[in-house]
Amino acid sequence: MIVEIGHIFLIGALVVSFIAGFSPLLRFLTKDNFYYMVIGPMNNLVCLFIFLSLISLIYSFLVDDFSVAYIANNSNTLLPTYYKFAATWGAHEGSLLLWIFCLCLWSTTYFFINRQKDEEFVALTLSVLNQIIFAFIAFTIFTSNPFERILPVVPIEGADLNPLLQDFAFTIHPPLLYLGYSGLAVPFALSLSALISKKIDSVWAREARPWSLLSSGFLTLGIALGSWWAYYELGWGGWWFWDPVENAAFVPWLISVAMFHSLIVTEKRGIYKNWSILLSILAFAASILGTFLVRSGILTSVHVFALDPERGVFILAIFSYFILGSLIFYSFLNNKLPGRSTYNLTSKEFGFLLNNILLVILALSIMFGTLFPLIYEALNDGDQISVGAPYYEILILPFALALSILQGVGLYLSWSSTKQFNFLNRVAIESFSIFVILSLLVFFIFGTLSWGTFLAIAMFSWIFSGNLVDAVYQSTQLQELKSILIKRFGMISAHLGTAFLILGVGIVTTFSLERDVVLQKGESYKLGSTHFIFKEIQEAKRLNYSFQSADIEIREEGLIDQISPEKRNYLSSNQVMTEAAIKPTLLQDYYVTLGEQVGDGTWTFKLQIKPFIRWIWFGAILIALGTFVSSYRYVKRL
Amino acid sequence: MHPIRKQRLYVVLSILLGTAVAAFLVFKGLSENINLFYSPSDLKKEKISVDNQIRVGGMVKKDSINKENNSLRTSFVITDFEEDLLITYEGILPDLFSEEAGIVAKGKINEEGTFIANEVLAKHDENYMPPEVAKTLKDKK
């Protein structure tokens with residue numbers, strides 16, 4: 001019963017979003033602006049329907065209604081209640097519903113913030129958003145309906161949620177990521193309604209900026225959480241695999257970052273208008289393509305759920321409608337956007353331009369590498385290839401370097417032209433001293449240095465000094481410094497976040513230690529300066545799995561601890577899963593994975609030491625914090 | 001030069017420079033990091049140099065997994081139902097590696113025709129086959 005109600009709400013949302021989405025066309029018939037009044041409430045109604053629909057799906061999961069195919073495939077009576085709840089978005093169908101719900105949250109938030117504003121503009125934006133919502137609901141209902149029943153024979157037991165996904169980080173990873181993906185629809189819709197109503201100006205840029213900042217922030221958190229999850233859950237100790245699906249989230253992230261930087265220039269100087277609009281289209285294209293890559297199953301990836309060409313064709317149709325449609329709109333309606341102010345090579349404008357060129361070219365090159373196996377297969381008669389991680393590593397290094405250099409000088413540039421061009425020697429002293437101190441510290445800790453570490457430390461010092469020291473120079477009193485720091489908090493936090501992230505990446509890639517070993521009970525292995533001692537192994541049972549766990553003692557100067565990696569056997573799916581044990585410290589993580597028994601009391605283990613790895617996620621949190629603070633300030637000023 | 005013209009020149013030059021650097025890196029990166037995929041039958045037909053890193057895939061044959069005692073070394077046979085390929089690997093195998101599971105291995109082939117893997121992937125979903133393997137198995141069945 002509840003399932004049918006959820007299904008009906010979903011169909012209701014489909015109908016209402018269709019009417020709301022295409023209501024501007026009514027204007028041609030009725031010649032009045034009646035739709036301005038109704039589109040807002042209709043939009044909220046869609047949001048409510050989707051919410052109720054999602055709730056009824058969650059409810060059906062909680063009561064183990066296995067007559068629903070989706071629930072039978074992804075849940076189980078033995079599953080702990082919290083995971084039954086999160087299993088709602090454990091696979092394709094439910095996560096689509098969540099995607100739509102996220103988009104509805106955005107459109108409703110947009111409506112409530114702007115309901116007092118320019119009616120036509122808000123109505124147009126909402127209609128674009130509702131067209132998107134409509135397309136995705138249609139996709140859900142016609143190709144991947146989570147409410148489909150298995151009748152007449154109802155299974156007594158469900159197939160279980162993939163054990164890898166029975167994890168806290170996983171439960172919040174999709175919602176965050178989807179908020180990021182779907183949030184990119186808002187700047188896209190704003191651009192279209194600005195094109196149609198010919199209001200591409202500073203006001204538009206100021207309005208679009210917080211939404212692109214927020215999407216960026218949620219994408220950052222979603223990606224970081226995914227990386228953290230992969231790190232401790234997959235048992236390989238890797239934090240980034242250049243997997244197609246990771247790239248599918250990274251590319252929109254890069255473009256959204258480019259977009260909110262470009263919007264600053266559009267807002268403050270009235271230029272780069274065309275570019276900002278194109279970026280918002282590109283960002284939304286990347287977001288749909290991301291969804292497409294995850295869902296279509298055309299690329300080998302750890303995330304692929306199902307192979308179904310019909311879905312692929314459907315998403316491709318959605319993609320063409322919105323992206324080609326908006327590009328056609330753009331080419332007809334932009335008719336030479338006015339507004340030109342001049343700038344030279346030392347200006348802030350040019351700095352932002354370089355930032356955008358770098359980010360977008362990097363994004364496109366990563367996309368190219370991700371799609372290249374498909375292109376190759378088409379050109380070479382079905383020969384299959386994969387593009388290895390080194391491709392991306394070669395690619396990203398020079399771009400990261402150039403972007404870091406920009407981040408370190410950006411603040412010293414003025415609009416139009418920078419008069420006093422002495423920032424180089426100012427930043428140089430500070431960054432050089434930080435560089436020397438850090439290098440010595442790292443050398444002291446690890447006893448060695450490599451060029452990769454040097455580079456990472458150099459970038460860190462450059463960004464760090466470039467963002468903080470300028471504030472110190474500009475202020476004569478402590479009070480003044482405080483107010484500058486508060487004013488720039490969002491930017492400084494995000495830029496320092498990238499600095500910490502770069503430092504973490506640089507050090508973890510150079511100083512990580514890893515060894516697969518065979519250990520007998522009581523035996524110890526020395527990795528770096530750490531002893532790992534295999535003490536004991538025992539077997540036991542928990543709620544929905546049985547497991548073996550090994551006790552491993554870690555001994556190092558000033559540290560003795562014991563951790564217990566596990567090997568689990570999930571009862572309902574009979575699936576084996578290793579659960580790595582991690583001992584985190586400020587400077588490094590000790591990471592042990594249990595392999596298998598290879599003799600009497602003899603087991604295999606993977607031992608790893610991961611220095612500075614936490615700094616990567618710490619950096620990501622700072623970036624997200626920065627974007628949230630900045631967007632909050634923008635919304636407050638609106 | 002007129003300032004706006006000059007400005008446009010800067011823009012065009014930076015885009016060209018950025019694109020050129022990216023294009024260079026893309027070609028360099030792709031030429032060095034493409035791993036071709038072969039099925040066991042492909043390997044019988046084609047001679048692959050012992051220096052080339054390739055990927056192979058297929059289904060792990062029943063009763064073919066051979067683990068050495070007190071060691072990390074494992075050997076197993078994969079099949080596409082036409083030809084077989086012996087693979088050796090030293091290290092911890094993924095959780096989902098088992099008999100009759102679809103796997104993809106990365107590594108090099110040696111003079112005796114044995115595949116020395118440095119990475120073995122079995123995907124995370126027990127119902128899931130890597131697309132390459134699924135295609136290979138479908139073609140041969």
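Mentor: What follows takes the terms one at a time and sets each value against its definition.

Mentor: This is a predicted model, in which local features need pLDDT of at least 70 and side-chain atom pairs count only at pLDDT 80 or more, while totals for chains, interfaces and linings use all residues. Residues are numbered from 1 along each chain as its sequence is written, and chains are lettered from A and ligands numbered from 1 in the order in which they are written.

Trainee: What makes chain A as compact as a globular protein of its length?

Mentor: The radius of gyration, taken over C-alpha atoms, is set against the globule rule, 2.2 Å times the number of residues to the power 0.38. For the 638 residues of chain A the rule gives 26 Å and the radius of gyration is 26 Å, so chain A is as compact as a globular protein of that length. Its C-alpha atoms fill a box of roughly 85 × 80 × 55 Å along the principal axes.

Trainee: Why is H1(B) given a span close to the expected one?

Mentor: Helices (H or I, at least four residues) and strands (E, at least two) are DSSP runs, numbered from the N terminus. The expected span is 1.5 Å times one less than the number of residues. H1(B) has 31 residues, and its 44 Å from first C-alpha to last is close to the expected 45 Å. Buried residues of H1(B) include B:Ala22 and B:Leu25. The buried residues of this helix pack against H14 (348-379) and H15 (389-409) of chain A.

Trainee: How many residues does each chain give to the contact?

Mentor: Residues are in contact if their C-beta atoms, placed from the backbone, lie within 7 Å. Chain B gives 39 residues and chain A 43. H1(B) supplies the largest share of chain B's side, 18 residues.

Trainee: What makes E1 of chain A and E1(B) a pair?

Mentor: Two strands pair if DSSP finds at least two bridges between them. Here there are three bridges, in the antiparallel sense. A:Val387 has B:Ile34 as its bridge partner.

Trainee: How confident is the predictor in chain B?

Mentor: On pLDDT, the predictor's confidence in each residue from 0 to 100, chain B averages 83, and 86% of its residues score at least 70. The complex has an ipTM of 0.85 and a pTM of 0.93.

Notes. Two residues are in contact if their C-beta atoms, placed from the backbone, lie within 7 Å. A residue is buried if 20 or more other C-beta atoms lie within 10 Å of its own, exposed if 12 or fewer, and partly exposed in between; C-beta atoms are placed from the backbone.
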